[in-house]
Amino acid sequence: MALPATLRTQNPDPKDGAGQPGTEKPGRFGDFGGAFVPEILHPVLEDLKAAWAEAQTDDAYWAEYRRLLKDYVGRPTPLTRLDRLTERLGGATVWAKREDLCHTGAHKINNAVGQVLLARRMGKARIIAETGAGQHGVATATACALFGVECVVYMGAEDVERQHLNVQRMRLLGATVRTATSGSRTLKDATNEAFRDWVSNPEDTYYIIGSAIGPHPYPAMVRELHRVIGDETRRQLADATSRETPDAVVACVGGGSNAIGIWAPFLEDEGVRLIGVEAAGEGLGGRHAATLSRGEPAVFHGTRTMLLQDADGQVEIAHSVSAGLDYPGVGPQHAHLAATGRVEVRTATDREAMAGVQLLSETEGIIPALETAHAVAALPALAEELGEGADLVFNCSGRGDKDMATISEWLDRDAD
Ligand SMILES: *Cc1c(COP(=O)(O)O)cnc(C)c1O
């Protein structure tokens, strides 16, 4: 029987080794972050840290990365002023950062390209990845095809079913898709399988993590590879409005890569409100994926972060209608930003996300991904709160093509 919450053995206390508040250890975000991996992976992570540190200060690395973002990914993506949505909501001016227009349909390719370039620098012959919605798998398989590198993608059986088209895309791109059939058969289990593979092949294999999660240096590296989203936003808004910064920047938070990417250049600007929207699934009383809102500190997938767990400390099965938000953990920097109050955390249910899909589609002719639709769902209240004359930016992290089967099922059911 489960113990009452007050008596239960909690995961390590925030001050218990994992996080030393006040110290600026690399890879730590306040009480969160670090690298908690099997010993066999220590040298592999050390190599990765060294290679990333070297690449970060190498102009040639960034020149190649920027060239690919421009000529292959299609950057810069536009910052679109959403006039009809703004009028409909009757408050702040709403802007969309159009990551849906990136090659492959979402922001994830920024990170995949950057990490494949790093893997090549390191002389790794084989790349592995885990994927939830299939978007990171597609982005990774795409970047691997671009360079002719071997690619293996782990995906939960449930997601293989939900995102069949993305599975076919990955295969077409030459990747091997391996199905994870353990546990909840979703992203968490695919990640476990990918770690297992990495432990067995540490020499020749590079593991591309698809969000700002995992052991150091991944969360910081993934943030830096997505920072381009925020850098462009800042420049584009200044060009369009002659304002230095917006009043608020909204993003959906799964693992947190699109959010930290668009927020990174605004973290020091106290006047800019940063709002993260998590998946409340069927509602916070039922199955959901609202990790920052309802999780507890724990070590998960190599990092100390917030985690959804049951009374016995077991990882809870997350639920969201969007496969990309269906993850019981979250990036450690997000855990820190939420704990310190720098980021405001809100939630949207499956139903609210569906309404978000419809709202953006009808008013602007943009069909967002279901993940993105969670950020859209937060816009009406925020536009009203901020009021006319304020600028409200949201990260339009991806397009909805991949979700059309799920969306049409909902719409059909609702019509009954
Ligand atoms: C994967 C995905 C997300 C969630 O991942 P983050 O790392 O939180 O950004 C959000 N939007 C889209 C379109 C995605 O594909």
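Val 299 stands opposite Arg 304, a residue of strand S12. The model in which this arrangement is found is a predicted one. The two strands concerned are S11, which covers residues 296–300, and S12, which covers residues 303–307. S11 and S12 run in the antiparallel sense and are paired over 5 bridges. Between the strands of this hairpin there are 2 residues, and His 301 takes a positive phi near 45°. S12 is mostly covered, as 5 of its 5 residues are buried.

Gln 115 belongs to helix H4, which spans residues 108–121. The relative accessible area of Gln 115 is 0%, and because buried means under 20%, this residue counts as buried. When residues up to four places away in sequence are left out, Gln 115 touches Tyr 61, Tyr 206, Tyr 207, Ile 208, Ile 209, Tyr 218, Met 221, Val 222 and Leu 225.

The open spaces of the model were considered next. Empty space left between atoms is shown by rolling over them a probe the size of a water molecule. The largest pocket has a volume of about 480 Å³. Its lining is made up of 26 residues, and those nearest the centre of the pocket are Glu 158, Arg 162, Val 321, Thr 406 and Glu 409. At least two lining residues come from each of helix H6 (157–162), helix H7 (164–172) and helix H15 (404–415). H15 gives the most to this lining, with 6 residues. By residue class, the lining of the largest pocket consists of 11 charged, 8 polar and 7 nonpolar residues.

For the second largest pocket, the volume is about 340 Å³. This pocket is lined by 13 residues, and Tyr 65, Arg 66, Leu 69, Val 228 and Asp 231 lie nearest its centre. Two or more residues of the lining are given by helix H2 (59–73) and by helix H9 (218–241). H9 gives the most to the lining of the second largest pocket, with 6 residues. The lining of this pocket contains 8 charged and 5 nonpolar residues, and no polar ones.

Notes
Residues are numbered from 1 along each chain as its sequence is written. This is a predicted model: local features need pLDDT of at least 70, side-chain atom pairs count only at pLDDT 80 or more; totals for chains, interfaces and linings use all residues. Side-chain values use heavy atoms; hydrogens and water are left out. On a 1 Å grid over the protein atoms alone, a cavity is a set of points where a 1.4 Å probe fits but cannot get out, and a pocket is an open set with protein on both sides within 12 Å along at least five of seven lines; lining residues have an atom within 4 Å of a point. Grid points are joined across faces, edges and corners, and a volume is the space filled by probe spheres set on the points. Helices (H or I, at least four residues) and strands (E, at least two) are DSSP runs, numbered from the N terminus. Ala, Val, Leu, Ile, Met, Phe, Trp, Tyr, Cys and Pro count as nonpolar, Asp, Glu, Lys and Arg as charged, and the others, Gly among them, as polar. Buried means under 20% relative accessible area, exposed over 50%, partly exposed in between (1.4 Å probe, protein chains only). Contact means heavy atoms within 4.5 Å. Two strands pair if DSSP finds at least two bridges between them.
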